[in-house]
Amino acid sequence: MARKPFIAGNWKMNMTAESGKALIAELKPLVKEAKCNIALCVPAILIPAMVKAAKGSKIKIGAQNVHWAASGAYTGEISCEQLKEYGVKYAIIGHSERRQYFGETDEGVNKRTLAALENDITPIVCVGETLSERENGETENVLSRQLENGLKSVEDITKVVIAYEPVWAIGTGKTATDEQAQETIKFIRKKLGKLFGVKNANRVVIQYGGSMNAKNCKGLMAQPDIDGGLIGGASLKTDFAIIVNYNK
Ligand code: PEP
């Protein structure tokens, strides 16, 4: 079965209800003919308003994190049940900013991923190496560790989306070359094959993320193992629609 391309935006801690609604209103007609799955992962407080704004369009609203517990004393966190109440279908998990600034570990990524899957929320599990790790030739070891630990006990890997996001390319304007991204994502697929079987690995949607924009999206999306993009900066403007329509 062919993998359906998937372009997701990550608004991070940007936008307000007003500016978000305005952007989604602009995007709606522009993404009407898109052939890929589309999501915008927005700040939690904006989820209800953005779900309403995106209604009747191809844009699904996602979260930027999710907690593993059903409820309880976890100040500042959000449960799957709370997300599901608003029809949230996707959640980014283990973004490098969560790992870097908020102490997110592979173990936490694993617990969040399993909880999302149990609740029919598609986890977009982020993996990626830092610049020094790449320069020291540690990329494959780092990715292997993140995948092995982050995806432990996952029963159906085809229900997980992986986002390969080299940390040195996020928000820096420095994109991985088409070849670098393809080569690393091919490695990720091979690793998934070892962990979950080649047949299953060949069905997993793997996105590239890291300064993907309206100009470089075509080249990246043309790579055989790249099935989509996780888009930060360019998802805050109508350029997002150009990326969604990369094949036009
Ligand atoms: C991201 O937030 O996941 C990301 C890839 O950001 P940017 O596109 O701005 O590099």
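View 1. A backbone N or O atom of Gly232 lies 2.8 Å from an oxygen atom of the ligand. A polar backbone atom of Gly171 is 2.6 Å from a ligand oxygen atom, and a polar side-chain atom of His95 is 2.9 Å from one. A polar contact is a pair of N or O atoms within 3.5 Å; within protein, one atom must be able to donate a hydrogen and the other to accept it, and residues adjacent in sequence count only if both atoms are side-chain atoms. The model is predicted: local features need pLDDT of at least 70, side-chain atom pairs count only at pLDDT 80 or more, and totals for chains, interfaces and linings use all residues. Residues are numbered from 1 along each chain as its sequence is written, and side-chain values use heavy atoms, with hydrogens and water left out.

**View 2. Residues around the ligand**. The ligand is surrounded by 14 residues (a heavy atom within 4 Å), the closest being Lys12, Glu165, Gly171, Ser211 and Gly232. Four of the shell residues are nonpolar, eight polar and two charged; Gly counts as polar, and Asp, Glu, Lys and Arg count as charged.

**View 3. Surroundings of Ser211**. Ser211 sits in the loop between E7 and helix H10 (217-221). A polar side-chain atom of Ser211 is 2.7 Å from the backbone oxygen of Ala169. Leaving aside residues up to four places away in sequence, Ser211 touches Ala169, Gly171, Thr172, Gly173, Lys174, Thr175 and Asn216 (heavy atoms within 4.5 Å).

**View 4. The barrel**. Eight strands, paired in parallel, close into a barrel in the order E1-E2-E3-E4-E5-E6-E7-E8. Strands are DSSP runs of E with at least two residues, helices runs of H or I with at least four; two strands pair if DSSP finds at least two bridges between them. Strand E2 (residues 37-41) is joined to strand E3 (residues 59-63) by four bridges, and Ile38 has Ile59 in E3 as its bridge partner.
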